[in-house]
Amino acid sequence: MAYKTNLYDVSKCTACRGCIIACKDWNQLPAVIEPFKGNYCTHEDTNGDTFTIMRFIEEETDPADDVKWHFLKYQCMHCFDPACMKVCPRHAYTKTEWGATYHDPEKCIGCQYCTYACPFHIPKYRKREDKITKCTLCVDRVEAGLTPACARTCPTGALSFGDRHELLAQAEERVKFLRANGFPNATIYGKLELGGLNKLYILTDTPDKFGLPIDPKVPAQIPFWKDWVQPYVGWLIPLALAGSAFSFVTTRMLAGKHGEHAEGGHE
Amino acid sequence: MQLIPEYRADVKRVERFNFVARMTHWGHTVTFILCLLTGLVLFLNSGANWLATIFGGYNGAGLVHRIAAVTLTIFLAIFVVFDFKGIIDWIKDLLRFGKNDIIFVMKFPLEFLGFPVKMPPQTRFNGGEKGNSMLTPTCVILLVLSGYIMWFPSIFPAGLVRVSYPIHDIAMVLATFMVCMHGYLGSFHPGSGESFWGMWKGTVRDDWAQHHHPIWYEETYADKAEGDAE
């Protein structure tokens, strides 16, 4: 089945935050009020009750110019090969056939391995339930034939939802247009990053201007741990047990041959 | 078949481990095994539902793991506070690792299988015990440190949290490997003889101590006026 995804076009976004509200509404997430930090962001980062946030990044290039705004809707990227799914010891993460990385809270034990494996630091700990939460790509809505809450509510058409390859073709057209019309650095994000993300972005500038990693990588400790340590090193334990059992038998067999050990020890 | 030599109260015995050392040892035995079983619930990636069920499911296993881990840490603290001199003496003995210990370790595989071997005289801890005493506590300290980092990841740098995962696993496997060998060698292996009673009752037979740890015996219980045996 073709992957279905969101396309988010920064050039059309007015940062109205309708998507945050729609997400909170559909997923029944309580408000999280953070103190004013000197910018327009309502939330510094996603948290246990906020699956998607809107970044307001102010860029001051030339003092004569106005401040340049970089808006960014930020949430789970639904990677094709998710690191969270790899590290989860309870196999709480699954990949739906249409590309959503779904986290099952029933299985979650709140170990937070995923939080630290994720290149985008997305899965967040919800303390009151001792569980991890994150964007579901509205699995429940999509599988009922609806579009994700954020995409449905977007008033400017910055967010759309559909088949990934169709949206990718649209995005390529749009980037060509933007490059020719005053945004020479416009680019697509999510097409190739980490082998493909199931969230597509049209950016008006390079990803770093939006606080996105230019070349996101799964931290090297994670594959070392999951691909080398866990499958192989653990065999030392059965080796020790087998060695002990073997010695238990041979010592007693050889004791008969070489005579009983002297009382209180041997040699 | 006799598994462990009989405890003989009627022969001359000498002290090998004091009360604090023994309490720490057996406290760590219980808490380590609890931590191990509850930790394997997550380490055995292909599913260990049967093991989790024993501890009341995955959340129950997590709770037992944490309680046992804190208790293990408390035993460490007790050892440091109440028998600091014992730890220093222990470390001093480990630092005496030398030629005799290397010969011991080289010949040990034969002894392990039950062939009669003549070992060079050993200090308080023989070559193998020295190795165990160096590796296992190092692994346990790594387990404790990485464990608390994984428990409270938000107060530590993210990079440190990420390295803690493989460290916790590697230290667990090495410590468990040593604990399996140590458990067997300290009990059912015929060569260990009295050493089980040294840790259980605190004393070993005088003749066994002379035979297995002559340097230690000379220095501790023989007439010290004769000078160091080393």
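The model is predicted, and its chain B contains 10 helices and two strands. Read from the N terminus, the elements of chain B follow the order β-α-α-α-α-α-α-α-α-β-α-α. The C-alpha atoms of this chain fill a box of roughly 60 × 40 × 35 Å along the principal axes, and 34% of the 230 residues of chain B count as buried. If we take the contacts in chain B between residues at least 6 apart in sequence, 64% of them join residues at least 24 apart.

Helix 1 of chain B, residues 19-43, lets us check a length by simple reasoning: with 25 residues at 1.5 Å a residue it should span 36 Å, and because its end C-alpha atoms are 34 Å apart, the two values agree. The buried residues of this helix include B:Thr24, B:His28, B:Thr31, B:Phe32 and B:Cys35. An α-helix has 3.6 residues a turn, so residues three or four places apart point the same way. The buried residues of helix 1 of chain B pack against helix 2 (49-54), helix 3 (57-82) and helix 7 (158-185) of chain B.

In chain A, four strands form an open sheet with mixed pairing, in the order 8-1-10-9. Strand 8 (159-163) and strand 9 (187-189) of chain A are the edge strands, each pairing on one side only, and neighbouring strands of this sheet are turned by 25° against each other on average, direction ignored. Strand 1 (residues 4-9) of chain A runs antiparallel to strand 8 of chain A and is joined to it by five bridges; A:Leu7, for instance, has A:Ser160 in strand 8 of chain A as its bridge partner.

Technical notes
Residues numbered from 1 in each chain as written. Chains lettered and ligands numbered in written order. Predicted model: local features only at pLDDT ≥ 70, side-chain atom pairs only at ≥ 80, totals over all residues. Buried ≥ 20, exposed ≤ 12 C-beta atoms within 10 Å, placed from the backbone. Contact = placed C-beta atoms within 7 Å. Expected span 1.5 Å × (residues − 1). Pairing = 2+ DSSP bridges. Axes fitted to C-alpha atoms, helices over the stretch in contact; angles between N-to-C directions.
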